[in-house]
Each structure stands twice: as C-alpha cells, then as structure tokens.
Amino acid sequence: MEVRRTGCDADFSGYAEVWNAITPREPITVAETRRRLEAQPWRLLLVAEEEGRIVGTGFAGRSDAAGRAFLAVRVLPDRRRRGIGTALYEACRPHAAELDATSISGRIAEDDQDSRRWAANRGFVEVGRDVELVRELGDEAPDPAPDPALDGIEIKELTADHHDSVYAVAVECWPDMPTPESIPAPPYDDWAQEELRGPVVFGAFDRERLVAYAALVPRPASSDVLEHGFTAVVRSHRRHGIATALKRTQLAWAAEHGYRELVTYTQEGNVAMRAINEKLGYVERPAWVLVRRPVG
C-alpha cells in the first residue's frame, strides 16, 4: 500500500471517486478539486493505492478558525480495518502542524457509526453539530403580499459593484454564528471564492444601505441542485423577517431557473434559522458531527 500526494490525472480522479463513494451527500468533481487546490495551495490531498487501485484519501488544510486545521480521511468499505485510514491520518497530521494549528477538526455524518468510533479512538471529541436541510422545488412564488415588517426594505439581485458592501455585512455577521468559538470572517479573497462563485446573490436594502445578503452557490456534480451560502442580516435589522424574505426570493429564483433542489446547513444551536427553514418547507437530513483534538 502506498500513500502519496495527488499529482497525475488518475490520482485526482481516484480521489474524487473515493470521496463520492463515502460522502455522496457532499459530492466533488475533479475540476472543482483542482480549482480549490490552485486557489489554496496550502491544501494537502493524499491518495492511498493498493494493488493498483486508489482505495483511500486524506485531506488536511486550514479551518475557518485561527489556530485550527481541518482533516478528512476516507477509505472504501471493503478496504477498511487494514491500517489504510491510520496511514492516511498519520500522513496528514504533520501538515496541520506546518499550518501552525494547535488543534485538528473533522466532520462526520451522524449516521456513520464506524467513522465516529474510528475518530473517537484517535482522541477526537464531539464539539458541535451542523444540521443539513433540503428543499425540493416546485412552482415557487414570492408571497402575494409583502410582510408589513419589511416596509422600506427592498430585495434585489446584487452585482460586482456591491461586493465590498456584501463583505462588510459578512464581517459583522460571521462572528455571530453559534459555533463553539466565535469565528471571524475569512480574508476577502477566500470569502469571495466561496460566496461569490454562484449564479446569484440577493441583497436587502434599507434605502441605500445594504443590510443583508444571501448567496446561492453551485453544488459540485449536480447541475440541478444549488447550495445556500451564508445568509447574513446585520444586527440592527434582525427579527424583522428579512432572512425569510431573502430565502423566499431564492426559492422562487431557483425554481424559475430550472433547479430541482436547494441544500443548506445551519448550526444545531441556530434556533432562529432552523425555524425559518422549517417554515419554508426544508427537511432535515442526518446531522454532521463536528469533532476536534489537539495536534500533538
């Protein structure tokens, strides 16, 4: 068995095949994997090959939180319990230290009991959960009458001229997410590569001021599915129905443009956003368990 960094086309293809076999709810493509690696060369992508077949993958990279690295190991079910996952894990760990991380985080499907036990045996403990929700689309339409609480608020599609204002909203709102620790917004370029790569971003304006935004981004390997990016409302304008109105606008736009499904994630403790999603017909899937351990 050989563990090596991805290099040739066959490595990237094998990496995507293994990832998608183990993580079908979050599929990747070779093109998207290459794009991210080119944009963020500090990412480490490993493959494990056995008998001429790529049977496992490893990933290590920076987390959104300072001082933390993110690690992911995937091994095909018929090749588990042979030490392949451990070899990939041990090959990824030094990279976390090179990124000046003091802790390593991971993300495991709630219903993947084998992987959760594997992580626990290596010192990972649960620190939170992300709830995944899905909304099937039909003939969506905005509410026939505007919410009185939205008086004076205009929702419209944003352009490149608005990007600095959008980022300013993100900078204010990112630390307010109910994560185990407050997380500042990423640097502008990293944020833009993720939030602004989709087909549309909607903003809510109070007169000339942008007070909220919501993005839709592509879902790799799924041409008829989109994923919600960050839905952000500045503190002064929360609890007025703006987030709900933005999501209704997204639903109508996605249905009109032929998309079949929208996927979103929210933290388990984000009661307000989970209530909005439930009101709009989103259905929860098994959560993603967030785990962490020290680097050493």
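Analyst: Let's start with R293, which is buried but has no salt bridge; E90, the nearest side chain of opposite charge, is 7.0 Å away. Keep in mind that this is a predicted model, where local features need pLDDT of at least 70 and side-chain atom pairs count only at pLDDT 80 or more, while totals for chains, interfaces and linings use all residues. Residues are numbered from 1 along each chain as its sequence is written, and side-chain values use heavy atoms, with hydrogens and water left out.

Some terms first. Buried means under 20% relative accessible area, exposed over 50%, and partly exposed in between (1.4 Å probe, protein chains only). A salt bridge is a side-chain nitrogen of Lys or Arg within 4 Å of a carboxyl oxygen of Asp or Glu. Lys and Arg count as positive, Asp and Glu as negative, and His and the chain ends are not counted.

Where is R293 found? Look in strand β13, residues 288–294 (strands are DSSP runs of E, at least two residues, and helices are runs of H or I, at least four, numbered from the N terminus). The R293 side chain makes a polar contact with the side chain of Y89 at 3.3 Å, and at 2.8 Å the R293 side chain reaches the backbone oxygen of R122. A polar contact is a pair of N or O atoms within 3.5 Å; within protein, one must be able to donate a hydrogen and the other to accept it, and residues adjacent in sequence count only if both atoms are side-chain atoms. If you leave aside neighbours within four places in sequence, R293 is in contact (heavy atoms within 4.5 Å) with Y89, R93, S103, I104, R122, G123 and F124.

Now follow Y89. Rings of Phe, Tyr and Trp (its six-membered ring) pair if their centres lie within 6.5 Å; planes under 30 degrees apart count as stacked, over 60 as edge-to-face and the rest as tilted. That rule gives 10 aromatic pairs. In one of them, the rings of Y89 and W118 have centres 5.8 Å apart and planes at 80°, so this pair is edge-to-face. This pair links distant parts of the chain, since Y89 is in helix α3 (residues 84–98) and W118 in helix α4 (residues 113–120), 29 residues apart. Y89 counts as buried, at 2% relative accessibility, whereas W118 is partly exposed, at 25%.

Helix α4 also takes part in charge pairing. R117 forms a salt bridge with D114, with the closest N and O atoms 2.6 Å apart. R117 and D114 are three residues apart in helix α4, so about one helical turn separates them. R117 is partly exposed at 47%, and D114 is partly exposed at 36%.

R116 and E126 meet in a salt bridge too, at 3.9 Å from N to O. Because R116 lies in helix α4 and E126 in strand β6, the pair ties together parts that are 10 residues apart in sequence. R116 is partly exposed at 24%, and E126 is partly exposed at 41%.

R25 forms a salt bridge with E132, with the closest N and O atoms 2.5 Å apart. R25 is in the loop between α1 (9–22) and α2 (30–39), E132 is in strand β6 (residues 125–136), and 107 residues separate the two. R25 counts as buried at 18%, and E132 is buried at 0%. Both belong to a salt-bridge network that links R25, E132, D224, R260, E261 and R285.
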